[in-house]
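The sequence and the model are shown first, and the description follows.

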Amino acid sequence: MEFPQQQKPAGDGKIIYPPGVKEITDKISNDEMVKRLKMVVKTYMDMDQDSEEEKQQYLGLALHLASEFFLRNPNKDVRLLVACCLADIFRIYAPEAPYTSHDKLKDIFLFITRQLKGLEDTKSPQFNRYFYLLENLAWVKSYNICFELEDCNEIFIQLFKTLFSVINNSHNQKVQMHMIDLMSSIIMEGDGVTQELLDTILINLIPAHKNLNKQAYDLAKTLLKRTVQTIETCIANFFNQVLVMGKSSVSDLSEHVFDLIQELFAIDPMLLTSVMPQLEFKLKSNDGEERLAVVRLLAKLFGAKDSELASQNRPLWQCFLGRFNDIHVPVRLECVKFASHCLMNHPDLAKDLTEYLKVRSHDPEEAIRHDVIVTIINAGKKDLNLVNDQLLGFVRERTLDKRWRVRKEAMMGLAQLFKKYCLHHEAGKESALKISWIKDKLLHIYYQNSIDDKLLVEKIFAQYMVPHSLDTEEKMKCLYYLYACLDTNAVKALNEMWKCQNMLRSLVKELLDLHKLPVSEPNNTAMFGKLMSIAKNLPDAGKAQDFMKKFNQVLGEDEKLRVQLEMLISPTCSCKQAEICVREITRKLTFPKQPTNPFLEMVKFLLERIAPVHIDSEAISALVKLLNKSIEGTADDDEEGVTPDAAIRSGLELLKVLSFTHPTAFHSAETYESLLQCLKMEDEKVAEAAIQIFRNTGQKIETELQQIRSTLIPVLHQKAKRGTPHQAKQAVHCIHAIFNNKEVQLAQIFEVQAIKLLVRWLLGMKNNQSKSANSTLRLLSAMLVSEGDLTEQKKISKSDMSRLRLAAGGAIMKLAQEPCYHDIITPEQFQLCGLVINDECYQVRQIFAQKLHLALVKLMLPLEYLAVFALCAKDPVKERRAHARQCLLKNISVRREFIKQNPLAQEKLVSLLPEYVVPYMIHLLAHDPDFTKPHEYEQLKDIKECLWFMLEVLMTKNENNSHAFLRKMVENIKQSKDAQCPDDAKANEKLYIVCDVALFVIANKSTACHLDSPKDPVLPSKFFILQDKDFKNDKEYLSTDMRQMLLSGKVIHIKVNNA
């Protein structure tokens, strides 16, 4: 385009000034120049395009103002006024400027651009003139004249740079609006935007520049939004050059392309309409790092809050999802991290992401599996509806991951969700129900072998499921309803957790007890054993052993530390007191100069496991109050999703478990009174659990809580008599555990079933560590001595007394079948049991003999019980004597056959060979209560009959010279003492008299008995004590007359030699 020919000024080149304005030359001062220029400015401001006469009149002045004198003037006020005049001149003379030279126009616009820098200081007195200048230029679009200049780009670049540099937070909206108008007109009305000009805009979007000048960023953002239709092509060309063609030299901003794409997308996705397909191309690059960069960019674009890119560009979205399976680990990791933001900002895309996250949850890389969990949990914590059941299922699976870091993240994540939605109910009941499985799943992990898993479950339980930081009432309410909602396996796991913690407390207590003993080698060995056991319950067993040794050393040196630890594990330690103890112990072991202290961390693990953070007396009281409310129907059971019956039953089960681990915490009248109410309820299991709680915790009721004792006894009696078998069993155990005069108490309620229950319980235990068998045997013996009436108040019927005698005798016989109990049955108790076969009641004798025979024939009873059959010789009923003889024949036959069939039996002949019954028989007869006058014929006759009853069967055959063996055995007894009462001369005399009667019977029935015995018999040490080798008892205790009488059966006057 050709510029029009320059107009000539009126008056043959003479410059005409407005009225009152004198000539403006370099001859005047700056102040005067400014004064005159202001009047000129006012004149031009008042002129408009229709003032043709004035336009022609002041044309010379317009040309004069564009002279080098003004454009290069050192005074900024002069330059500003001249710039304002020039801007008005462009307005007045538009569309044809009075300046025709390209160079002059360039100089003028560069001059005006430089003056725009004055906009920076809004507090300047001249700011309004600078604003007028900007407003005028924007309104007239004066810079559009420059399109005809060859180097217009230089002017535009300078203008854009100037405006972006001066904009600041002190400018009002009008300033920004005029700047936008000015720049947008250049972009939209030009033939295109050069790369250099585009750079002046885009550079303000780069993070570094964006942070330096937020107003410049906002200006560029607004400009791009207004010019999107025009500038999009230029932007696409730039990115095409860099991304597809790889020409990074086209712009200094090439290295920031991904930052720019992100910013441009945030401003207006339309700016990148042609760029997105280029990104799909880059996603398939062979360079892993390049794919990673594109994935990072697209993650931000797809994940942005209001982004619709995924729905608008499905091919790009599908291509991006494919990178979840990228071979490059960092790319997969970046995709997984993106999923979290995407789930939060675009729930509608969860379905697309789920399948890919499923694959990544099984990724071989630990870090990726870990981040899948983090992604899902973070989204879930923001809003549970953002994660579907399938996504939560992935987290559930990872709780069993082979790597501890992944398992830990999964467990902690689920714990956080449980606390947020189930404990605090932040999203209502529906959300709580959706993840109600979490509590069970977390506790199931306690079954894992890893100690790390167990410790984390304990930590989660204490911090997330039942937070120990809550006040006692709220804490116990959490526990009460949690326990009611757990499945069976979770309940068992929780019970096991308390049991393990209790066991560890016991180990620590035993260690502290050892510290109280004098230093010795056995003590050190015992300590080492305890330390190893404790270390097994801590993470990293190897390090734990070393740290526990060190801790033990510190304990030995620091008495105050021992006191604190002892207080911590004391049964009476409260939760608040436990916190203080842990804090004090930790403080003592803290070394300020040590940044990390693994020793202290290990000790903390131990303290966390043994500290009672949930259960103390106050907590049990709170639990019992909750139970009472459930019973009364005033609790929040239904609101918590539990029926009142289920709450009562589970609450009592909870208390029953805690009664094992924290029995001391129950010891209060208030607690026991509430439990008494439970005892009276119709629900069988509730009453049974209440009895068991009393049994576990009531050791001090008799001495310290008399009121509770007096109320409890009748209830226990009633349950023992009329309750279910389980209740009766528990009631008997409860009386046995609580009361000192248990024999009296049990006598009032004892029935045959109760005795059987007690015996079955002992047989089930198969050990006597608690000494329960001793007290039971004493009780049974007392019942036999009292003939079935322990109280001796004659309030029990004869038939009931007979049944109780039979039950007591049968019970002792039953216990004798278990080796651990047989060893503690005393000779006196054995004799009381055996004498039941001579009971006054025919049915008692009959049933007892049958039970005795069945146990003996199965080789379940020790050999000595075979001797009891000898007493049957005194039975007045002939059929009973005949039955007893048949039993003897059968038993002796079975034993002889067993010895023949089992070669190994030769080693146990003492307990199997029938002949070895003779010592037991002699001892039993010597202690027969009827054998009170050993010198009288009638009693000796009974002894002889009893001996013969047994010996006749034994001596039917003389196998292996057994007759001589029997004789030798009796002679050996005569050379020993009675172990039951070794210092009682009369008792020993009775023993020796029975021996003489036995020798008399053997000698009269066998001619071979005087031969040498094939072996030396062994006597049972429980019944006989061997005399010194020098001792010799060759005295004859039966006179010749007595022998004659015993032989003939005729009564004659006899004399028995005195001992």
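D401 is buried, with a relative accessible area of 3%; buried means under 20% relative accessible area, exposed over 50%, and partly exposed in between, with a 1.4 Å probe and protein chains only. R369 is buried as well, at 4%. D401 and R369 form a salt bridge whose closest N and O atoms are 2.8 Å apart. D401 lies in the loop between α22 and α23 and R369 in helix α21, so the pair ties together parts that are 32 residues apart in sequence. A salt bridge is a side-chain nitrogen of Lys or Arg within 4 Å of a carboxyl oxygen of Asp or Glu.

The model is predicted: local features need pLDDT of at least 70 and side-chain atom pairs count only at pLDDT 80 or more, while totals for chains, interfaces and linings use all residues. Residues are numbered from 1 along each chain as its sequence is written, and side-chain values use heavy atoms, with hydrogens and water left out.

Helices (H or I, at least four residues) are DSSP runs, numbered from the N terminus. The 20 residues of α23 should span 28 Å at 1.5 Å a residue, and the end C-alpha atoms of α23 are 26 Å apart, which agrees; the expected span is 1.5 Å times one less than the number of residues. The buried residues of α23 include R407, M411, L414, F418 and Y421. Among the elements that cover the buried residues of α23 are α21 (366-382), α24 and α26 (451-465).

R407 also takes part in a salt bridge with D453, the closest N and O atoms being 3.1 Å apart. D453 lies in helix α26 and R407 in helix α23, so this pair ties together parts that are 46 residues apart in sequence. Both D453 and R407 are buried.

Most residues other than glycine have a negative phi. Just after α23, H425 takes a positive phi of about 50 degrees. H425 lies in the loop between α23 (404-423) and α24 (428-434) and is partly exposed, with a relative accessible area of 41%.

L859 also has a positive phi, near 60 degrees. The loop between α47 (842-857) and α48 (878-901) holds L859, which counts as partly exposed at 29% relative accessibility.

Helix α28 (residues 488-515) has 28 residues and reaches 41 Å from its first C-alpha to its last, close to the 40 Å expected at 1.5 Å a residue. At the start of α28, a side-chain oxygen of D487 comes to within 3.2 Å of the backbone nitrogen of N489.

In total, the structure holds 48 salt bridges. A network of salt bridges links K509, D513, K516 and E566. The side chains of R72 and E68 meet in a salt bridge at 3.1 Å, N to O; R72 is exposed, with a relative accessible area of 54%, whereas E68 is partly exposed at 38%.

## Two further loop residues

M245 is placed in the loop between α13 (228-244) and α14 (257-267), and at 44% relative accessibility M245 counts as partly exposed. S786 is placed in the loop between α43 (772-785) and α44 (798-816), and S786 is buried, with a relative accessible area of 11%.

Definitions and conventions:
Helices (H or I, at least four residues) and strands (E, at least two) are DSSP runs, numbered from the N terminus. A polar contact is a pair of N or O atoms within 3.5 Å; within protein, one must be able to donate a hydrogen and the other to accept it, and residues adjacent in sequence count only if both atoms are side-chain atoms. Contact means heavy atoms within 4.5 Å.
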